Amino acid sequence: MKSTLKAYAGYGDHLTTLLFLVLLAGGAVMVRSATFGTKFAPLAERQTMWCFVAVVAYLLATLVPYEVWIEYSYILYGLCIVVLLGVMVFGHSVAGSRSWFVLGPVGFQPSELAKVAAALAGAGYVKDLSHKVIGVKEFFILTGIVALPMLLTLFQPDFGTATTFLPMILAAFYLSRMGLSKILKWAALAAVLGSVVFVLGWFTFFKPYQKERVLTFLNPTANTRGAGYQVHQARIAVGSGELAGKGLYSGTQNRLNFLPAPHTDFIFGVICEETGFIGAVALLAVYFTLLGRFLGTLLVARDMEGRFLVLCAFSVILYHIFINVGMVIGLVPTTGIPLPFLSYGGSSLVGLTLFVGLAANVRAHRFVR
Amino acid sequence: MNLPLDSGLPAKTAFLKVGLWTVFLLFALRLFYLQVLHGDYYRTLSENNYTRTIVLRSPRGMLLDRNGKVLCRNRVSFSLVLDAARGGSIDDTISAMRRILDFSMDRAQVDAALRRSPVASLAVLARDVPPSWLQKIEAHQQELNMLRIEMELRRDYPYGLYAGHALGYVGLLSPEDAERMKIKESDPFIEVGKSGVEKTANVRLMGVNGRRTAQVNSLGREIEDPKLRLPGVGIQEDPVPGKPLNLNLDMDLQTVLENAFAGETGSAVFMNPNTGEILAWVSEPEFNPNLFSGTVSASAWKDLVDDPTRPLLNRPIQGAYPPGSTFKPFVALVGLQEGLLSASTMFTCGGVWDYGGHPFHCWSKGHGTIDLITAIQNSCNIYFYHAGDRIGIERLDKWGRLFGLGQKTGVDLPGETSGVLGSPEWKAKHGLGPWYPGETLPVSIGQGYLTVTPLQLLSFYSTLATGGTRYRPRLISGPPEVLSTVDVSPEALGVVKEGLARVVSSGTGKGCQIPGVEVCAKTGTAQVVQASSGKNTYSLDKAERDHAWIAGFAPRSNPTVAFVVMVEHGGHGGDVGARIAKAGLEFLFLGKKPGEVIGPPKPPPVSPPPMAEPEIPTDLPPEVPPPLPEQPTPEGIPQGTILDQNGPAGVRP
């Protein structure tokens, strides 16, 4: 144990740890500010508690060598699938979807953990490949591993969370034996197909609220009273922060309830309003430095399963940030996806912490054979 | 490295890195655009979000009678307002309103309310709503986002029906009013006088609203957060309350007269002849101005308009009637002034006079040969036919003008009509052909081409009382205003006064004798239909019966009051008219109330009459207040509280 710590002190991914802690502290502060003086104020304490849980999760994820995690990955994965099935039957229903387990005062969304379990299971599958190359067959098997919990989540139904599994399929695709140019060709094809599906979907299976979100996104000022209200108010929050912000606890859009869901989906709006351009860009810099660090780890990882884990962490976290920040600043339509480490919510925090911890783990163990 | 690197990995990683930082740059540029380049724009939007201008409503001035009795005051009321500028759909709000508040309105009514409002996007949907709606709306903030309850001050007339036509009523400012009166206000609750002194003295009564910039949250609810002391919040402009208005009315006299009418239709006005101060103003049937202080239901309005007794008519100035025999003293005075008659001028009445082949009748079978004073006393038609024939229409017209007949009196009430003073000139002007001498005869006894308003006739008798000085009749307290002075000789005046005194002492006006006071008066019976001629008026249907008049002044020397009473289809002026006049004179000179029943026989409603549900404003003035549930209001002011002073300096919604 002592030697492990000593080794970690030498090879550990301290930059990632530092950035992670900065984000964790930032989240605790911003959730407090976003709930101050409202009925959600007690959530600030709870978020602080979750931060300690996250620190423990991080230590576990980064100190236990990832090959050990991978060794138990199938068991974890199997457990998660069982729990996901269980939640569909016994779960707590919120806004029409059964995605929560509630134990006393604590609620938990198993699909957040299932994401990590899927990544570990995928890594386990890659490890067991004798040739260590992801071909067509391997890609489809990896896709299946990710798709199973994703579909279970989709049937809860929780469309937003289900989409957060998709980046891992892209990660598998990206790590396949295909070269970059070929991948880009596939990406172009996918973009065309996606557009076709979108257009067809518009006239068939899209729900009215989904269409409205897209329309609102395309023309946010058309209806600032109705569908565009949230988008409009979020934009006012962001813009009115100006260069230096209105100060913590002093964001009027936040404090006077103009900003929707300020402590969850729109917490980036609070950050923009209260800490201004400086704070918002600083936060983005922390995020992107962390993600950049993951890309560095991708290059130095000692094996394919490590790379898969890191790229899963990278893609999942980037997806969250891109969708959430993009939504708040009006670059993507409204979706209910949290901002990693900042939005209130224990499941997402712990789940994404495990990804970061595992990515740091891969880096820390890059030399060990 | 233990494993050979995937040959593609560095390129793939590099591509991701470029992509990653491109996203960062994109986000940072977007933030720069929103926060730095357009930050001040969004700051303004955010300030507009959290500040709201709250109107501090200025209370309308109270109305007081000459003894300081409160005729109109303000009470606190809650109203339902729709703010179309807030998020939500009107149709959804209407259905939520039906479900949650159990209050039904259709889309057309809401649109009409929006059109009627002087403030774009704000509409008053209902007034005098139960205070419990406040909690209901708060509890269903999501569905009822467009609605809010505002507190306003409403007019309250404690005497109810009494003097309703003099006081008038108020109504919400319409966009047309706002334009005409040049009122630029952002408050949908501005009330303006629509009739009576409420209209005449509107500017003085209105006051000026104040305003305050409040900090509100997204629900529009005002919040006080010391941690969020924001720029532009808390600026206050105090409201200027409307000034109270003292009226010349004596509400005790008014009450006596209203009661004396006992359901009859007509007018009564009592006035101080020496100043023009109007002491009582009765127009029966009265309407209750409480009904109007806002929004009458369409049906209540229709009932008023369709009522065959026309309660909305302000009879003393809007009713023009033939004056009948009350006109005879005027004819006598003109004859005396022009030297065509004297106290000793005699004519013979045989009950009928054949004038150019047409028989003209007296109401009596024959008064014999009588002098002028006796003719006045007995109201002999034949005498005055002769007198009128001798005087001629031109002289009657000339003197009529001098006394203000056929003209507006200039009383401080809106809607006065002028009546008709017939003359060759008037006939020609209206294309009615030449004036025939035979047409002068009916005019001489107050019929024919002649109608007056009760107030005009009162003005004439008042001028007799003062000896020629005409004062403008005034309901609003202030210095007397002399309209003109008619040059009448004391001798002529003495003769007419003697005639009038005899009417009361031993003629047709015995009904208004007051012990110890010499009353001068003349009764009149104006024919409504030609058919009634020569028949006993009481044998006719009520609608065909003659109008009963009595006009006069008292005491004979140094008169302190002039009066007119006119009862539509009342029969002889000497009966019902004299009875009503006597009630007023007894009160004034003897301090006696009829039958000494001093309590108010018709208890005036102090609080508004109960209604089944809040009323929806209509296009017409409107409104009947709903029930007043007995629960404390959120503001702690009990519902229906009467503000005996001019109300609080400002009412905060």
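Tyr449(B) is partly exposed, with 27% relative accessibility (buried means under 20% relative accessible area, exposed over 50%, and partly exposed in between, using a 1.4 Å probe and protein chains only). This is a predicted model, where local features need pLDDT of at least 70, side-chain atom pairs count only at pLDDT 80 or more, and totals for chains, interfaces and linings use all residues. Residues are numbered from 1 along each chain as its sequence is written, chains are lettered from A and ligands numbered from 1 in the order in which they are written, and side-chain values use heavy atoms, leaving out hydrogens and water.

## Rings that meet

Over all chains, the whole structure holds 34 aromatic pairs (rings of Phe, Tyr and Trp, with its six-membered ring, pair if their centres lie within 6.5 Å; planes under 30 degrees apart are stacked, over 60 edge-to-face, the rest tilted). Take Trp426(B) and Tyr449(B): their ring centres are 5.6 Å apart and their planes lie at 50°, so this pair is tilted. Trp426(B) belongs to helix α17 of chain B and Tyr449(B) to the loop between α18 and β18, so the pair ties together parts 23 residues apart in sequence.

Which residues form one aromatic cluster? They are Phe327(B), Phe330(B), Trp399(B), Phe403(B), Phe460(B) and Tyr461(B).

## Charges over rings

Look for two lysines here. Lys211(A) lies over the face of Trp202(A), 5.5 Å from the ring centre, and Lys12(B) lies over the face of Tyr174(A), at 5.8 Å (the rule: NZ of Lys or CZ of Arg within 6 Å of the ring centre and within 35 degrees of the ring normal).

Key:
Helices (H or I, at least four residues) and strands (E, at least two) are DSSP runs, numbered from the N terminus.
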